[in-house]
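Hi,

Here is the structure I promised to pass on to you. Could you open it alongside this email while you read my notes?

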Amino acid sequence: MDNDVSAGSTSTATLGHLALGLTLLAFGIGHTGVVGGVTAADAVSLALYVGGIALFVAGLLEFRAGSGFTGTAFVGLGAFWFTWGTGADAHVSSHAAGLFLLLWALFALSLTLGATGGGLLGRGTYGLLFLALLLLGVGQFADSGSLAKAGGWFAAASGLAAWYGATAALANWPTALPGRAAGRGVTATG
C-alpha cells in the first residue's frame with residue numbers, strides 16, 4: 001500500500017483540498033448543464049466563502065507551517081475564487097472574462113509544473129484545472145457554449161481529484177497507481 005498521499009500531510013492541507021474539490025465540483029457541474037436548472041452562477045456563494053476565504057486562510061496556515069507550494073496554491077486559488085465570486089454579477093465583456101480565465105489558467109499551469117514531487121493526484125488536479133480554465137477562457141473569446149461545457153467537465157474532474165486526494169488522506173487510502181519497481185522488466189541494449 002502506498003502512503004504517498006499527495007493531498008498533503010497536514011490537516012490544513014487536507015481541509016484546503018476538500019474546499020478546492022467541493023468548489024471545483026460545484027463550478028464545473030454548473031458549467032456542464034448536467035443538472036437541470038443549475039448554472040455556474042449558483043456556485044458563487046460556495047466559491048466566495050469556501051473556495052475564496054477558507055482556501056485563502058488555509059494557504060496562509062500552510063505558509064506558516066513551512067509548506068511553500070501548498071501555501072502558494074491555496075492562497076492563489078483562494079484569490080481566484082474570491083475574485084470570481086465577487087465579480088460574477090459584474091457586467092464585463094466576454095473578452096475580459098476570457099482574459100481573466102486565461103491568466104488564471106497560467107497560474108494553474110505553474111501549479112501543475114510545480115507539483116512534480118506531489119504525486120499523480122496533485123499534478124492531475126492542477127493539470128485538469130489548467131485545461132478547464134483554458135477551455136473556459138477560449139470559450140469566452142469564441143462565444144462557444146461547447147467549449148464552456150467541456151471546460152466544466154474538466155473542472156468537475158479536477159474537483160473530484162482534489163476531493164479524492166483529501167479523502168484519501170483522511171482515510172489512509174492509496175493515491176498512487178500500482179506499478180513495477182524502477183528498473184524491473186527493463187533490459188539494456190548496448
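Helix α4 makes the biggest contribution to the lining of the largest pocket, giving five residues. At least two lining residues each come from α1, α3, α4, α5 and α6. In total 25 residues line this pocket, and those nearest its centre are W84, A88, V92, A97 and Q140. The space inside comes to about 490 Å³. Sorted by class, the lining holds 14 nonpolar, nine polar and two charged residues. Please keep in mind that this is a predicted model.

Now for the overall fold. Of its 190 residues, 39% count as buried. If you take the contacts with a separation of 6 or more, 69% of them join residues 24 or more positions apart.

Next, the core. The largest nonpolar core contains 29 residues, and L20, L55, L77, W81, W84, Y126 and L133 have the most contacts inside it. Two or more of the core residues come from each of α1 (11–32), α2 (44–64), α3 (68–87), α4 (94–114), α5 (119–142) and α6.

What does L77 touch, leaving aside its neighbours within four places in sequence? Its contacts are L20, G51, L55, F107, L111, Y126 and L129.

Not counting residues up to four places away in sequence, T112 touches R123, Y126, G127 and F130. A155 lies in α6 and is buried because its relative accessibility is 1%, under the 20% cut-off. Leaving aside neighbours within four places in sequence, A155 is in contact with L24, F27, G28 and A132. The C-alpha atoms of A155 and L129 are 5.6 Å apart, although 26 residues separate the two along the chain.

Finally, here are two backbone details to check. Most residues other than glycine have a negative phi. D143, which is not a glycine, has a positive phi of about 50°. D143 is in the loop between α5 and α6, and its relative accessible area of 69% is over 50%, so D143 counts as exposed. N172 is also a residue other than glycine with a positive phi, in this case near 60°. N172 follows α6, in the segment after that helix.

Happy exploring, and do send me your thoughts.

Best wishes

Conventions: Residues are numbered from 1 along each chain as its sequence is written. This is a predicted model: local features need pLDDT of at least 70, side-chain atom pairs count only at pLDDT 80 or more; totals for chains, interfaces and linings use all residues. Side-chain values use heavy atoms; hydrogens and water are left out. Helices (H or I, at least four residues) and strands (E, at least two) are DSSP runs, numbered from the N terminus. A nonpolar core is a set of buried Ala, Val, Leu, Ile, Met, Phe, Trp, Tyr and Cys residues joined through side-chain atoms within 4.5 Å. Buried means under 20% relative accessible area, exposed over 50%, partly exposed in between (1.4 Å probe, protein chains only). Contact means heavy atoms within 4.5 Å. On a 1 Å grid over the protein atoms alone, a cavity is a set of points where a 1.4 Å probe fits but cannot get out, and a pocket is an open set with protein on both sides within 12 Å along at least five of seven lines; lining residues have an atom within 4 Å of a point. Grid points are joined across faces, edges and corners, and a volume is the space filled by probe spheres set on the points. Ala, Val, Leu, Ile, Met, Phe, Trp, Tyr, Cys and Pro count as nonpolar, Asp, Glu, Lys and Arg as charged, and the others, Gly among them, as polar.
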